[in-house]
Amino acid sequence: MTSCGNNSNDINLSLPEECCTANTGCSFNGSLRNVKAEPIYVQKVYDAALFNLQGLRTVANLSLSPALGRGARIIRVLDIRCKKFFNPCNIKDPKNLRLNLDTEISGGEFVKNEHGKEIRAVGPDGFRSQKLIFADTENCDDKCKGTPIFGTQNVEISGAVIVEIDVLFTDNCEKRCRATLTARAPVAPVSDPLVLTNFFELCIPSVYDGAFFPRFAEFCNVRCEPRLATNNIARDLIVNPGTGAVSANLLLSLCITCEKKIIVPVQLCVLSTGFPQLSAEISPICNTFPTLFPKQIDENSVRHCNESCSVQSTELDEEDAPLDE
């Protein structure tokens with residue numbers, strides 16, 4: 001995208017974005033009378049560790065688009081940024097920026113089935129992303145403490161990122177123009193990924209004193225920070241004088257955050273102000289609609305329901321009573 005003008009301060013680069021706010025359906029009026037105890041069956045984090053990893057990748061002669069036109073000359077870089085490439089039509093697209101985690105532990109082992117395949121439990125993300133861990137925790141159980149396990153993790157990075165460079169340039173009429181140059185920059189192929197390694201220690205609870213084995217969960221996120229390879233416009237941004245095509249030499253910094261957790265299923269009693277209630281758009285055709293979740297049936301709910309039914313019955317009896325002559 002390019003734009004020209006005599007005064008660069010008067011140039012509008014893009015249309016304003018339309019944003020939104022979310023509606024959770026939860027509200028609280030501040031009265032503690034609405035607070036009640038509710039049991040929930042959840043996953044508790046027993047131990048966790050956070051790691052930051054860094055990787056570098058150089059990209060040479062990356063072709064950018066669009067072309068700036070014949071005789072163009074870049075005089076300033078206004079901004080340079082990048083984001084992860086993802087193809088929503090194909091989650092297995094090899095160009096998708098992907099993190100593949102390969103973890104081994106010592107002091108314990110991942111539980112396997114009869115075919116030697118690791119057993120995975122469903123995590124809060126809805127995927128089978130948690131591994132069951134077994135270790136001999138007897139010695140530390142006698143001391144009322146957890147048992148340490150040690151691990152080695154290899155993070156394999158493959159795929160591509162989208163690079164965007166905002167530049168100020170002059171065309172062949174010496175007018176100052178702005179443009180946003182974009183390109184898909186490869187990070188590493190799936191067959192030869194960029195590998196980062198880190199080591200960790202975690203504490204696990206007893207495997208004998210509970211109905212469930214502890215679970216191991218890990219997840220990572222990556223962001224990229226691009227810059228010109230030598231921080232020199234003349235060397236790193238090459239403009240073809242005949243066609244205006246632009247190529248760049250870049251240095252991509254891959255910044256990764258990984259978290260590892262030991263998780264155990266637990267049941268908790270929490271204070272709640274009730275269930276979320278969303279306001280739906282009522283269709284003029286239907287008078288009523290079904291509920292999505294069943295009502296709570298316990299002693300308090302039944303008592304309130306009986307009291308409500310008793311009040312309604314009394315009102316009906318009074319209405320149906322014969323009038324005195």
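**Cysteines, cores and strands of a predicted chain**

Cysteine 220 is partly exposed, because its relative accessible area is 23%. That class lies between buried (under 20% relative accessible area) and exposed (over 50%), with a 1.4 Å probe and protein chains only. The structure is a predicted model, in which local features need pLDDT of at least 70, side-chain atom pairs count only at pLDDT 80 or more, and totals for chains, interfaces and linings use all residues. Residues are numbered from 1 along each chain as its sequence is written, and side-chain values use heavy atoms, without hydrogens and water.

Cysteine 220 is joined to cysteine 258 by a disulfide, with an S to S distance of 2.0 Å. A disulfide here is a pair of cysteine sulfur atoms within 2.5 Å. The bond links distant parts of the chain: cysteine 220 is in strand E11 and cysteine 258 in strand E13, 38 residues apart. The torsion about the S-S bond is about 110°, so this disulfide is right-handed. Cysteine 258 is buried, at a relative accessible area of 1%.

The whole structure holds 2 disulfides. Cysteine 82 and cysteine 224 also form one, with sulfur atoms 1.7 Å apart. This pair connects strand E3 with strand E11 across 142 residues. Both cysteine 82 and cysteine 224 are buried. The sulfur of cysteine 203 is too far for a bond, because the closest cysteine sulfur, in cysteine 140, is 7.5 Å away. Cysteine 203 is partly exposed, at 24% relative accessibility.

The chain contains 3 helices and 13 strands. These are DSSP runs numbered from the N terminus: helices (H or I) have at least four residues, strands (E) at least two. Of the 325 residues, 32% are buried. Contacts are defined by heavy atoms within 4.5 Å. Among those between residues at least 6 apart in sequence, 80% join residues at least 24 apart.

Mean pLDDT, the predictor's confidence in each residue from 0 to 100, is 86 for the chain. A value of 70 or more is reached by 86% of residues. Over residues 8-12, pLDDT stays under 50. The model has 6 contacts beyond four places in sequence for that stretch.

The largest nonpolar core has 37 residues. Such a core is a set of buried Ala, Val, Leu, Ile, Met, Phe, Trp, Tyr and Cys residues joined through side-chain atoms within 4.5 Å. Leu64, Ile74 and Ile157 have the most contacts inside the largest core. Strands giving two or more residues to this core include E2 (36-64), E3 (73-84), E8 and E13. Leucine 64 touches Ile165, Leu181 and Leu237, among others beyond four places in sequence. A second, separate core of 12 residues includes Phe51, Ile105, Leu202 and Ile204.

Two polar residues were also examined. Aspartate 166 lies in strand E8 (residues 147-170). It counts as buried because its relative accessibility is 10%. Its side chain makes a polar contact of 2.8 Å with that of arginine 81. Such a contact is a pair of N or O atoms within 3.5 Å; within protein, one must be able to donate a hydrogen and the other to accept it, and residues adjacent in sequence count only if both atoms are side-chain atoms. Beyond four places in sequence, aspartate 166 also touches residues including Val77, Leu78 and Thr180.

Serine 253 is found in strand E13 (residues 246-272). At 19% relative accessibility, serine 253 is buried. Contacts of serine 253 beyond four places in sequence include Gly55, Leu56 and Cys224.
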